Amino acid sequence: MQEAKMSCRGAWYLPAGRMEPGETIEEGCVREVLEETGLQVQPVSLVMVEAGGGRWLRFTFSCRVTGGELKSTERADKESLQAGWFDLKSYSVTLNMRAFDVIPLIDCTQKWLMDKDRLQYLPALLPYKFYIVRIVCVSKDGGVTRVLLNENKGLPVVQVSPAGKIRHHCCEVVRNILKEKKAEPKIVGVVGVDHTGGDRDGVCITLALLLEMSVPHASWYQVVEEDMKMKVERLVSRAIALDIYFD
């Protein structure tokens with residue numbers, strides 16, 4: 001869509017914007033696309049999550065057009081001047097882009113669409129008051145698959161502060177549970193997003209981590225059931241996890 005606001009008027013960008021108070025993530029997506037392109041859409045799946053520490057999150061959806069009419073210059077308003085469809089091979093060269101940060105989002109969505117085994121995932125409607133990260137840390141050692149548990153025998157969770165960094169928070173939580181300062185868990189991707197909007201506008205991001213070292217004295221749950229073991233191993237092999245980008 002072509003921007004209408006004076007700071008970038010005439011430049012092109014993906015439909016995007018801030019959520020309004022009380023909205024779910026999907027509702028915000030549908031509203032922004034309608035306002036800026038004139039099209040009614042149905043979100044099909046999340047394909048990427050971007051995190052600016054504890055300050056902001058940006059969710060990228062793949063959507064299906066269900067109605068509406070593509071906005072023309074005759075219908076220009078404060079939201080946008082017009083909208084259009086463009087060739088994936090040339091849009092970044094032929095268009096005056098507002099910013100190029102959307103190129104990885106488009107590339108990621110194209111990769112997701114081309115994956116014949118892709119999973120469709122939408123946010124779960126579960127309420128949280130704060131910005132929470134739930135950690136699924138997996139260790140694979142000698143053919144044994146384990147999941148890290150906290151002192152309460154549950155998955156580790158951490159509240160992310162506005163000045164915090166998700167990567168730092170997650171690594172610190174894992175190191176503290178393991179009592180191993182040299183542990184370097186690798187963040188694989190997002191495997192869950194929970195949010196309801198309304199008066200409980202917090203969000204929970206579930207991240208998959210892979211730890212490529214053995215810490216025998218830690219609290220591990222050994223995955224024995226073959227079906228569950230296969231799901232956990234797919235999760236940390238990125239067969240399930242969505243991309244996440246950090247600032």
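A residue is called buried here if its relative accessible area is under 20%, exposed if over 50%, and partly exposed in between (1.4 Å probe, protein chains only). On that scale, buried residues make up 46% of the 247 residues in the protein chain. The model is a predicted one, so to speak of a local feature takes a pLDDT of at least 70 and side-chain atom pairs count only at pLDDT 80 or more, while totals for chains, interfaces and linings use all residues. Residues are numbered from 1 along each chain as its sequence is written, and side-chain values use heavy atoms, with hydrogens and water left out.

As for pLDDT, the predictor's confidence in each residue from 0 to 100, the protein chain averages 91, and 99% of the residues score at least 70. Helices (H or I, at least four residues) and strands (E, at least two) are DSSP runs, numbered from the N terminus. There are 5 helices and 9 strands in the protein chain, and they come in the order α-β-β-α-α-β-β-β-α-β-β-β-α-β. The C-alpha trace spans about 70 × 40 × 30 Å along its principal axes. With contact meaning heavy atoms within 4.5 Å, residues 24 or more positions apart account for 66% of the contacts with a separation of 6 or more.

Now to the rings. Rings of Phe, Tyr and Trp (its six-membered ring) pair if their centres lie within 6.5 Å; planes under 30 degrees apart count as stacked, over 60 as edge-to-face and the rest as tilted. This gives 1 aromatic pair. Trp12 and Phe86 have ring centres 5.0 Å apart and planes at 75°, so the pair is edge-to-face. Trp12 belongs to the segment before α1 and Phe86 to the loop between β2 (56–68) and α2 (91–94), so the pair ties together parts that are 74 residues apart in sequence. Trp12 is buried, at 11% relative accessibility, whereas Phe86, at 40%, is partly exposed.

Charges also turn up over rings, which here takes NZ of Lys or CZ of Arg within 6 Å of the ring centre and within 35 degrees of the ring normal. Arg98 lies over the face of Tyr13, 4.2 Å from the ring centre. Arg118 has its charged end over the ring of Trp112, at 5.0 Å from the centre.

Helix α5 (residues 226–236) has Lys229, Val232, Leu235 and Val236 as its buried residues. Seen down the axis, they fall within an arc of 120° (taken from the directions from the helix axis to the C-beta atoms), so they line one face of the helix. Their cover includes β3 (128–141), β4 (144–148), β6 (186–194) and β7 (201–211). Just after α5, Arg238 takes a positive phi of about 75°.

One of these covering strands, β4, holds Leu148, which is buried at 0% relative accessibility. Leaving aside residues up to four places away in sequence, Leu148 touches several others, including Cys137, Pro156, Ile177 and Trp220. Leu148 and Gln222 are 74 residues apart in sequence, yet 8.9 Å apart in space, C-alpha to C-alpha.

Finally, the cysteines: with a disulfide taken as a pair of cysteine sulfur atoms within 2.5 Å, the count is 0. The sulfur of Cys8 is 19 Å from the closest cysteine sulfur, in Cys29, too far for a bond. Cys170 is in no disulfide either, the nearest cysteine sulfur, that of Cys171, being 6.8 Å away.
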